[in-house]
Amino acid sequence: PACNDREPTTLTSREGSFTGAASVDLQLRCGDVTVTTGSGNTWRLETGNGSGMAAVVDATANRLSVSSSFAEHPFVFVRGSDTWRLTLPVANRMDLAATVDAGRGRFDLADAEFGTVDLIVNGGEAHADLTAATLDRLTTHVNGGAAWLTLPADDFTADLAVNAGALRICAPSDLGLRFSSEGSLTAVTYDGLARSGSTWQSPTYATAIHHADVTISANVASVDVNPMGGCK
């Protein structure tokens, strides 16, 4: 199904609280999603659609799921654009999974604690800023789109894949980075990193306090690590 450029004139607001560790699942199809963080354990969500098709929201004490309403309207082939604004609590450890199809995503995740962050971009674009976050594992899949990732100064692993698209990765200077990559017809640049056998790593990898081991799979794509101009 395709979406037109008709944006919502009003947004519906709702909120809830997590009582402990939680999972957040976002499935956006056409439109814009903005995710930020706030104090406490309360999440806040605003949703709207240019054709009045309400987002499907399922919330419990340890889970929040938000998805575009295609599943409930299988024979609707043209719809308005979704607009979602979500504030996540920093008091709870979370797993975040977000899919952006034919849309735009902005994830400013300062001060949040994550087990996993899983980002999928299909025919769209996404910016994820994890500068002041902590996490165990990051996965990103970009298909026919683009993603900009700003990494945290933390210990974590990452599995990144891009097909017929572009990926930009920025990292703090004090993070020990090690990259391994595979793929075909791909241009990969590692600014500030040096080859070490079959991998690329930062010169201070051995002495860095925090380390990130990153695997990249890229086909017919471009990947830039620490590009000029950054990842904003």
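1. Starting with the second largest cavity: three nonpolar, two polar and three charged residues make up its lining. The classes count Ala, Val, Leu, Ile, Met, Phe, Trp, Tyr, Cys and Pro as nonpolar, Asp, Glu, Lys and Arg as charged, and the others, Gly among them, as polar. Keep in mind that this is a predicted model, where local features need pLDDT of at least 70 and side-chain atom pairs count only at pLDDT 80 or more, while totals for chains, interfaces and linings use all residues. Residues are numbered from 1 along each chain as its sequence is written, and side-chain values use heavy atoms, with hydrogens and water left out.

2. On terms: a cavity is a set of points, on a 1 Å grid over the protein atoms alone, where a 1.4 Å probe fits but cannot get out, and lining residues have an atom within 4 Å of a point. Points are joined across faces, edges and corners, and a volume is the space filled by probe spheres set on them. There are two cavities of 30 Å³ or more.

3. Back to the second largest cavity, at about 30 Å³. Its lining is Arg 106, His 127, Ala 128, Asp 129, Trp 148, Thr 150, Cys 231 and Lys 232. Strands here are DSSP runs (E, at least two residues), numbered from the N terminus.

4. The largest cavity holds about 50 Å³. Its lining splits into eight nonpolar, one polar and one charged residue, including Phe 107, Asp 118 and Thr 140. Strands 9 (93-108), 10 (113-122) and 12 (134-143) each supply at least two lining residues.

Methods. 1 Å grid on protein atoms, 1.4 Å probe; cavity = no way out; pocket = protein on both sides within 12 Å on 5 of 7 lines; lining within 4 Å. Helix = DSSP H or I, 4+ residues; strand = E, 2+ residues; numbered from the N terminus.
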